[in-house]
Amino acid sequence: MRVVLMGPPGAGKGTQAARLAQTWSVPHVSTGDLLRETVEKGTPLGRQIEETLAAGQLVSDALMAEIVAERLGRPDCRPGFVLDGYPRTERQARDLDRLLAGSGAALEKVILLEVPAEIILKRLSGRRTCPACQAVYHVDRLPAGAAACERCGSALMTRSDDREETVRRRLGVYSEQTQPVVEHYRRAGKLVRVDGRGSPDEVYDRVLALSQAAPR
Ligand code: AP5
């Protein structure tokens with residue numbers, strides 16, 4: 001499967017992408033995680049990216065094209081991938097079309113998770129992430145007082161861009177710059193809209209059923 005997961009910040013892309021990647025035995029490629037890994041290295045590029053993320057703005061299309069081409073070019077992506085967080089601008093959508101056309105492996109589906117803003121704010125204010133293995137949790141579903149990753153034992157953290165003010169900015173950036181990408185894929189006949197409300201299990205079942213269905 002070669003699938004893109006789209007949706008506003010906090011829609012559940014990372015949560016669903018990890019499960020789908022496991023089901024389909026392909027890598028979960030999250031551009032947010034790739035950028036945070038670069039930040040962790042503390043290089044001048046990492047520090048520049050850190051500022052952009054903290055401001056809730058997008059990293060440049062040119063840098064993203066380089067990062068995505070390098071990652072999708074690795075052998076583990078040959079059988080397919082679940083791409084989470086890319087493309088986010090019309091330019092990135094065209095760059096991805098070109099990249100995949102060059103490798104003769106077009107996208108099969110673009111899954112759009114639709115979730116209203118009030119639910120998003122609740123989800124992001126309670127998100128906890130593992131900086132080591134990138135697992136994603138919500139405080140409502142963690143045992144009381146749990147502070148360590150259930151998978152690898154590292155200390156869980158709150159993302160610096162999950163402050164309410166930054167989340168609102170990210171939602172604004174999404175509607176201005178990423179909504180047009182939805183239209184790009186609707187025109188290409190690849191878009192599948194999925195109701196992202198409900199529990200992670202409910203959403204997963206919906207995504208799986210609709211990812212086999214015809215695009216709308
Ligand atoms: P990125 O990490 O991609 O952030 P995002 O798109 O804003 O999405 P999030 O990771 O915040 O949310 P998600 O939809 O994955 O939700 P999750 O599953 O975690 O990007 C971060 C930044 O990097 C961007 O702002 C930008 O600066 C930069 N960037 C990345 N890609 C870029 C690009 N292509 N171009 C330029 N810049 C780029 O779930 C959220 C919470 O809700 C969790 O706590 C989870 O447990 C919970 N949850 C999930 N599903 C459910 C459910 N069904 N019910 C209840 N709770 C749920």
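Which residue in β3 does arginine 2 stand opposite? Arginine 2 stands opposite phenylalanine 81 in β3.

The model is predicted, so local features need pLDDT of at least 70 and side-chain atom pairs count only at pLDDT 80 or more, whereas totals for chains, interfaces and linings use all residues. Residues are numbered from 1 along each chain as its sequence is written, and side-chain values use heavy atoms, with hydrogens and water left out.

**Strand β1 and its partners**

Helices (H or I, at least four residues) and strands (E, at least two) are DSSP runs, numbered from the N terminus, and two strands pair if DSSP finds at least two bridges between them. Strand β1 (residues 2-6) runs parallel to strand β3 (residues 81-84), with 4 bridges joining the two. Strand β4 (residues 109-114) is likewise parallel to β1 and is joined to it by 4 bridges; within β4, isoleucine 111 is the bridge partner of leucine 5.

Burial is stated as relative accessible area: buried means under 20%, exposed over 50%, and partly exposed in between (1.4 Å probe, protein chains only). Because 5 of the 5 residues of β1 are buried, this strand is largely enclosed by the rest of the structure. Arg2, Val4 and Met6 point one way from β1, while Val3 and Leu5 point the other way, and all are buried.

Valine 3, which is placed in strand β1, is buried with a relative accessible area of 0%. Contact means heavy atoms within 4.5 Å, and, leaving aside neighbours within four places in sequence, valine 3 is in contact with Trp24, Phe81, Val82, Leu83, Leu107, Lys109 and Ile111. The C-alpha atoms of valine 3 and tyrosine 204 are separated by 15 Å, although the two residues are 201 residues apart along the chain.

**The ligand and its shell**

A residue is near a molecule or strand if one of its heavy atoms lies within 4 Å of it. By that criterion 35 residues surround the ligand, and the closest are Thr15, Gln57, Arg88, Arg127 and Arg170. The residues of this shell divide into 14 nonpolar, 12 polar and 9 charged, where Ala, Val, Leu, Ile, Met, Phe, Trp, Tyr, Cys and Pro count as nonpolar, Asp, Glu, Lys and Arg as charged, and the others, Gly among them, as polar.

A polar contact is a pair of N or O atoms within 3.5 Å; within protein, one must be able to donate a hydrogen and the other to accept it, and residues adjacent in sequence count only if both atoms are side-chain atoms.

| Residue | Ligand atom | Distance |
|---|---|---|
| Arginine 141 | nitrogen | 3.2 Å |
| Arginine 159 | oxygen | 3.0 Å |
| Arginine 170 | oxygen | 2.6 Å |

The protein covers 96% of the 1,000 Å² of accessible area that the ligand has on its own, areas that come from the Shrake-Rupley method with a 1.4 Å probe; for residues, only the protein chains shown count as cover. The elements that give two or more residues to the shell are α1 (13-24), α2 (31-40), α6 (117-125), β6 (136-138) and α8 (200-211), and the largest share, 4 residues, comes from α2.

Threonine 178, found in helix α7 (residues 164-187), is buried with a relative accessible area of 4%. Its side chain reaches the backbone oxygen of arginine 88 at 2.8 Å. Beyond its neighbours within four places in sequence, threonine 178 is in contact with Met6, Pro87, Arg88 and Val173. Proline 87 lies in the loop between β3 and α5 (90-103) and is joined to tyrosine 86 by a cis peptide bond, with omega about 0 degrees.

**Residues with positive phi**

Most residues other than glycine have a negative phi, and most peptide bonds are trans. Serine 25, in the loop between α1 and β2 (28-30), has a positive phi of about 55 degrees although it is not a glycine, and at 62% relative accessibility serine 25 counts as exposed. Glutamine 134, in the loop between β5 (127-129) and β6, has a positive phi near 70 degrees and counts as partly exposed at 27% relative accessibility.
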